[in-house]
Amino acid sequence: MDVERGWLAELMGFLRPDQVLTGAAARRGYDCDAYTVDRFPPVAIVLPESTAEVAEVVRWCNLRNVPFTARGAGTGLSGGSLPALGGIVISTKKLTQILEIDLPNRQMLAQTGIANKKLSDAVKAAGLHFAPDPSSQTVATLGGNIAENAGGPHTLKYGVTASHVVALTLVTPEGDVVQLGDRVPGGPGLDLAGLVIGSEGTLGIATEAWVTLTPLPNHVITALVAFGTVREATESVAEIIASGTIPAALEIMDRGILGALKAAFNLEYPVGTEALLLVECDGDSAELVKAEMATVDAICRSQNCLNLETAEDEVARQKLWTARKKGVGAMGRLAPSIVTHDGVIPRSKLPEMLDTVYEVASRHQIGVANIFHAGDGNLHPCFYFDDRDPDQVRRVVEAGEEIMRRCIELGGSITGEHGIGVEKLDLMGLMFSPADLEFQAQAKRIFNDGALCNPCKILPNQKSCVEHKSRWRGMAW
Ligand SMILES: Cc1cc2nc3c(=O)[nH]c(=O)nc-3n(C[C@H](O)[C@H](O)[C@H](O)COP(=O)(O)OP(=O)(O)OC[C@H]3O[C@@H](n4cnc5c(N)ncnc54)[C@H](O)[C@@H]3O)c2cc1C
């Protein structure tokens with residue numbers, strides 16, 4: 001404790017007292033992200049206000065051999081910002097400025113603690129937006145999106161974060177400040193920005209980023225389609241993609257979500273609905289958008305949909321989005337805790353995979369609801385349970401691992417957009433050989449030779465992490 005008091009005095013030598021949080025409530029608030037099964041408290045949380053301050057904190061951590069973990073809004077779903085070995089959480093909460101908007105070149109420079117949606121709000125009047133739109137976008141930060149290579153409902157058509165970030169300012173794990181990427185395409189040198197995007201904060205802390213801005217479409221049609229079985233909804237998705245039509249969004253919500261919406265908001269959908277499919281088609285040509293929606297309409301009707309409602313004006317369209325936007329929040333009515341899993345499978349395997357999800361959840365006696373970017377083949381089974389009960393936690397973890405193993409068997413992957421974090425460390429060996437993993441570890445060591453920068457994430461069996469694993473889980477009850 002004396003050592004820790006000494007640390008704090010040193011940190012306050014270059015940060016103001018209100019930039020260093022050490023109270024019990026703060027340490028509790030920063031001991032996990034939205035994956036609440038694993039927890040560990042930091043010694044302190046620091047709130048730097050510039051790249052220079054982030055670099056100074058990181059250099060101090062190196063000097064004192066203190067682990068550090070970057071944190072945006074803490075909406076991550078795999079334990080990425082869990083301070084796995086304690087130490088310091090470096091929050092980007094105060095790095096929220098838009099530094100430059102370059103409309104002619106459709107680019108924007110922003111600090112990475114800004115919430116995703118604020119980027120789009122800032123250029124809406126100019127008819128532009130930042131296309132990656134995770135469903136957490138009102139709070140999730142640009143830095144968190146970069147670290148997780150986040151997707152969202154509309155990234156089916158527009159591409160995930162990596163397609164929209166062209167250059168970065170990175171504080172390296174040693175505390176140097178480097179520029180990666182280039183504002184013009186085809187710049188010289190290795191594509192290190194490409195390596196950092198999606199590396200879950202293990203290769204340094206991004207403090208600023210140049211992002212590209214995408215024109216808002218002139219014509220948008222949204223459809224909400226009710227099906228009597230989940231299989232008909234998932235088969236429609238596979239058929240829509242196979243037809244060559246790429247909607248802007250293709251999202252599924254199942255009966256578990258509909259039950260939560262009823263409990264929380266008293267929302268009702270047509271009698272007999274077991275799944276809703278939300279489809280959005282957009283573009284600059286009204287005829288093309290209408291033609292795409294006609295294809296969707298024909299496919300959904302051939303799959304015996306119960307009801308198909310479309311809307312073109314903004315207010316009516318947003319009403320159709322209600323179930324998608326409020327679905328996860330509504331689950332708070334069902335149980336104290338939610339674990340949202342994230343797998344990917346070839347879209348044609350969605351019907352079979354959903355059957356597996358229900359069977360596994362029922363065998364482990366866990367409540368499950370599904371709300372997911374079906375068009376990407378993403379799968380997000382949301383288990384609802386009580387994380388104060390060790391037996392329920394064990395069943396949730398085992399059921400999740402079973403589902404991930406099935407995703408791999410069906411030719412998919414253990415994550416589409418939520419990352420590995422600590423949640424899926426043990427599953428990496430199912431996807432990669434020891435040689436593959438060692439090659440990734442070598443690449444990581446070029447940036448991060450020690451064990452200080454966001455330790456124990458992505459790659460399994462890191463030194464000093466193995467014996468800590470049971471402690472993270474033990475903190476859940
Ligand atoms: C309701 C809900 C809906 C969601 N929907 C989606 C979705 O549609 N698509 C999707 O992809 N994800 C989704 N997510 C997951 C999550 O919102 C994303 O992963 C998001 O990008 C995390 O951003 P954050 O600011 O909360 O990051 P955090 O959770 O704080 O951190 C996530 C990771 O990023 C690292 N990190 C944070 N900032 C930086 C930085 N500046 N530099 C380097 N590393 C950093 C952290 O160390 C950690 O490893 C959802 C989550 C919730 C709770």
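Author: In this predicted model, an open sheet is built from four strands, ordered β1-β2-β4-β3, and its pairing is mixed. Its edges are formed by β1 (20-21) and β3, each of which pairs on one side only. Between β2 (residues 44-46) and β4 (residues 88-91) there are three bridges, and these two strands run parallel. Within this pair, V46 has I90 of β4 as its bridge partner.

Helix α3 (residues 51-64) lies across β2, β3 and β4, and runs at about 170 degrees to β4. Angles over 145 degrees count as roughly antiparallel, so the direction of α3 relative to β4, at about 170 degrees, falls in that class.

β3 (68-71) is one of the elements that supply at least two residues each to the shell around the ligand, together with α5 (142-148) and β10 (205-212). The largest share, five residues, comes from α5. Of the 36 residues around the ligand, those that come nearest are G72, G76, G80, G143 and G144. Sorted by class, the shell holds 20 polar, eleven nonpolar and five charged residues.

β10, named above as a contributor to the ligand shell, belongs to another sheet. This second sheet is open and has five strands in the order β5-β6-β10-β8-β9, with antiparallel pairing. At its edges stand β5 (98-102) and β9 (177-181); each has a single partner strand, so one side of each is left without a neighbour in the sheet. From one strand to the next, the twist averages 15 degrees.

Strand β6 (residues 107-111) is joined to β10 by five bridges, and the two run antiparallel; here M108 has V211 of β10 as its bridge partner. Strand β8 (residues 165-171) is likewise joined to β9 by five bridges, again in an antiparallel arrangement, and V171 stands opposite V177 in β9. β8 and β9 form a hairpin with five residues between the strands, where G175 takes a positive phi near 100 degrees.

Helix α9 (residues 255-265) packs with helix α12 (residues 322-330) at an angle of about 80 degrees, their axes lying 9 Å apart. The two helices are therefore roughly perpendicular to each other. From α9 the contact draws on I257, A260, L261, A263, A264 and F265, and from α12 on A323, K326, G327 and A330. By class, the residues of this contact are eight nonpolar, one polar and one charged.

As to the whole, the protein has 17 helices and 20 strands. Its radius of gyration is 22 Å, close to the 23 Å given by the globule rule for 477 residues, so the protein is as compact as a globular protein of that length. Along the principal axes, the C-alpha trace spans about 70 × 55 × 45 Å.

Definitions and conventions:
Residues numbered from 1 in each chain as written. Predicted model: local features only at pLDDT ≥ 70, side-chain atom pairs only at ≥ 80, totals over all residues. Near = placed C-beta within 6 Å. Nonpolar A, V, L, I, M, F, W, Y, C, P; charged D, E, K, R; others polar. Axes fitted to C-alpha atoms, helices over the stretch in contact; angles between N-to-C directions. Parallel < 35°, antiparallel > 145°, perpendicular 65-115°, else oblique. Contact = placed C-beta atoms within 7 Å. Pairing = 2+ DSSP bridges. Rg over C-alpha atoms; globule rule 2.2 N^0.38 Å.
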